[in-house]
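Please have a look at the structure on the screen. I will go through a few places in the backbone, then a helix, then the ligand.

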Amino acid sequence: MGDNRTPRDPQLPTHWFNILHDRPQYVTSAVSRSRLAGRLEAAGEGALLQQPLSLARQSINTADRFIPIPDEVLDLYAQYRPTPLRRAVRLEERLGANARIYYKYEGANLTGSHKLNTALAQAYYYARAGVKRIVTGTAAGQWGTALAYACQIMNLGCTVFMVRSTLHQKPIRGEMMRLFGAVVHESPSELTEVGRRVLKEDPGATGTQAVANGEALEVAGEDGQSRFAVGSGENSVLLHQTVIGQEAISQLALLDEFPDCVIACMGAGSNFGGIALPLLAAADDSRRPIRLVAVESTACPKLTRGRYLYDLSDALGNTPITKVYSLGSTYVPPPVYAGGLRHHSAGPLASAMHADGSLEAMAIDQLTSFRAEGILPAPESAHAVAGMMDVVSRHPRGAAPLVVLVNISGHGLLDLGAYSRFAAGEIEPVTPDEARLSQSLSALEEFNQAIAEAAEAT
Ligand SMILES: Cc1ncc(COP(=O)(O)O)c(C=O)c1O
């Protein structure tokens, strides 16, 4: 009998790339809750975030530049990786671009996006730690789908709180998660204290990632065998995504290419980090300049309009209080189709990169993103395509052609409702509700004032 595992392609990375080794300054510390005890109503206990040690260590490891991918996870990666890297020749022609445009395509796995790269890793670590169920919040549904599938493979239960506006836009995402055995709830729900609080204030609330995460944390905390897991933002999640950038480097090397510019959309940063971090290190190693562009939605402009302050990433107040670019955890973005770009803050690592000038941020409206053509990207990825078209159009005609690498984080096949609304001319440009945005930013500033006062008093 032969080995029944999928043969591993030699280009499949065997390790994750850890930027914290090269740039330990990106390990940001969380505000100590014991110092804040009793002083900050918005800050919960924080005790519910119990990660397996192996996973928690990955977020603070500065010792190892490369971290081995467990064999079982590698076998699962081998079923869909390496993902394709292609040159967008027809788009180059259509744009008349003075550029060579390459795209990495993360949409060609069963669940439809890059989220599977970390879902498989996290489900593996939680299963090994003896956990029985993972509970999570999902915005666009891509993370929820990926986690539901990974849990099924690892024999774990899975409960997903999905943001109401996106579940209504694409109910089929919920069906897919159920197909993989997950229990799916619309968020905000009546099942949790957080959900009930939000619904009491606004029965028609469209939901946010922060509320969905808050509900998931509450439910996970009620059962000793369940744990909360998160699909983006944390350093360990960005680490798992670095298979994308590492593959892109070796695929481009076969073509004798290295990008001048890397572009990806930004939810909380795992998709961006996954492609950009290995390329940043490769550029540093070879002393080449590189431009890293993170494209966010104008509906949720945390990098371009947010503050770099301490914030939470859930509405219950239990996630670590870290320094991030944020619009405030109470900010409710308008319900755009790119639900995965609605997170109110970037993760700590992407935020630190923005603060030190390592990344450039750009906000794109959903209407502009739907005008981008080529393959059928997820609405989130369409923001990166539109951002890329903007970068390319500004590149001077007489200069050497710009080599651009863009990450297409997922497919848009379950977003056909949005595409047909676009074709019918029904997609509107979306801007934040300015009054709600400034209210949320003020609350964020007050929260930071209270942190500073608590720190002074201890
Ligand atoms: C297809 C797709 N692309 C990008 C993102 C944003 O991801 P990240 O938080 O990793 O930046 C999401 C998030 O849900 C997504 O579903």
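Pro82 sits in the loop between helix H4 (71-77) and strand E3 (85-87). Helices here are DSSP runs of H or I with at least four residues, strands are runs of E with at least two, and both are numbered from the N terminus. The bond joining Arg81 and Pro82 is a cis peptide bond, with omega about -5°. Another cis bond runs from Ser187 to Pro188, where omega is near 5°. Pro188 is in the loop between strand E7 (183-187) and helix H10 (193-201).

Before going on, the basis: this is a predicted model, in which local features need pLDDT of at least 70 and side-chain atom pairs count only at pLDDT 80 or more, while totals for chains, interfaces and linings use all residues. Residues are numbered from 1 along each chain as its sequence is written, and side-chain values use heavy atoms, with hydrogens and water left out.

Next, phi. Most residues other than glycine have a negative phi, and most peptide bonds are trans. Asn155 is not a glycine, yet its phi is positive, about 60°. Asn155 lies in the loop between H7 and E6. Is Asn155 buried or exposed? Asn155 is exposed, at a relative accessible area of 72%; the cut-offs are under 20% for buried, over 50% for exposed and in between for partly exposed, with a 1.4 Å probe and protein chains only. Arg287 also has a positive phi, near 50°, and is found in the loop between helix H14 (270-285) and strand E10 (291-297). Arg287 counts as exposed, at 77% relative accessibility.

Now helix H7, residues 142-153. Ten of its twelve residues are buried, so H7 is largely enclosed by the rest of the structure. Trp143 and Tyr149 are among the buried ones. The buried residues of H7 pack against helix H6 (116-128), strand E5 (133-138), strand E6 (157-163) and helix H9 (171-179), where contact means heavy atoms within 4.5 Å.

Last, the ligand. How many residues surround the ligand? There are 17, and the closest are Ser232, Gly267, Ala268, Ser270 and Ser409; a residue counts if one of its heavy atoms lies within 4 Å. A ligand oxygen is 2.7 Å from an N or O atom in the side chain of Ser232. A ligand nitrogen is 2.6 Å from an N or O atom in the side chain of Ser409. For polar contacts, the cut-off between N or O atoms is 3.5 Å.

Notes: Polar contact = N/O pair within 3.5 Å; in protein donor to acceptor, adjacent residues only side chain to side chain.
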